[in-house]
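Dear colleague,

Here is the structure you will be working with.

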Amino acid sequence: RQAKRRQFLESLSLEERKKFICEEKEKETLVLGKIMKAKESNNHNIYFDLCFGHLMKEGEINSLCEQLSRCMHEMKSAKYPFTLHFSSYEGKIKEILERKKFKSIFVTPHEKGLEEIMINKKTIYLSPDSPNPLMDFDEETSFVIGG
């Protein structure tokens, strides 16, 4: 990815390159602003309950870590970004994400369990097996996804 970016930038004139980089920085600043606003308001929270990580096989843990990485990446372009919380962030999951140099302003990792870190009173557990689609959300609600 970095090689493609470098090649693309080298194909631009100096003036085009400066303009492109400035536009990138402006977009990044807007995204950071939305995220910081979401974090400060303490609304729009999604909790990933990782307490079963110790029961997972290595392949399952790797798959989970890839999915968590995609979630973090998706927050960059989200119209309404959520603050992601990883509860029971320990063991192999923590080891793999940190090996991948996991860092994100979108995520607050917690070593404590879900019940110890929940802030909002109204909680909805999300499940792919539910017959009820999530069509809307209110700011007082926190969402939980099992990992």
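**Salt bridges and cysteines**

At 30% relative accessibility, glutamate 24 is partly exposed, a class that lies between buried (under 20% relative accessible area) and exposed (over 50%), computed with a 1.4 Å probe on protein chains only. The model is a predicted one, in which local features need pLDDT of at least 70 and side-chain atom pairs count only at pLDDT 80 or more, while totals for chains, interfaces and linings use all residues. Residues are numbered from 1 along each chain as its sequence is written, and side-chain values use heavy atoms, with hydrogens and water left out.

The structure holds four salt bridges, each being a side-chain nitrogen of Lys or Arg within 4 Å of a carboxyl oxygen of Asp or Glu.

Glutamate 24 pairs with arginine 5 in one of them, with 2.8 Å between the closest N and O atoms. Glutamate 24 belongs to helix H2 (residues 14-41) and arginine 5 to helix H1 (residues 2-11), so the bridge ties together parts that are 19 residues apart in sequence. Helices here are DSSP runs (H or I, at least four residues), as are strands (E, at least two), and both are numbered from the N terminus. Arginine 5 is partly exposed, at 36% relative accessible area.

Another salt bridge joins lysine 92 to glutamate 95, where the closest N and O atoms are 3.5 Å apart. Both residues sit in helix H4 (residues 91-99), three residues apart, which is about one turn of the helix. Lysine 92 is partly exposed at 33%, and glutamate 95 is partly exposed at 42%. Salt bridges also link Lys92, Glu95 and Arg99 in a network.

Lysine 94 and glutamate 111 meet through their side chains in a salt bridge of 2.9 Å, N to O. This pair connects distant parts of the chain, 17 residues apart: lysine 94 is in helix H4, and glutamate 111 is in the loop between strand S3 (107-109) and helix H5 (114-117). Lysine 94 has a relative accessible area of 22% and is partly exposed, whereas glutamate 111 is exposed at 54%.

How many disulfides are there? The count is zero, taking a disulfide as a pair of cysteine sulfur atoms within 2.5 Å. As for the cysteines, cysteine 65 is buried, with 0% relative accessibility, and cysteine 71 is partly exposed, with a relative accessible area of 27%.

Regards
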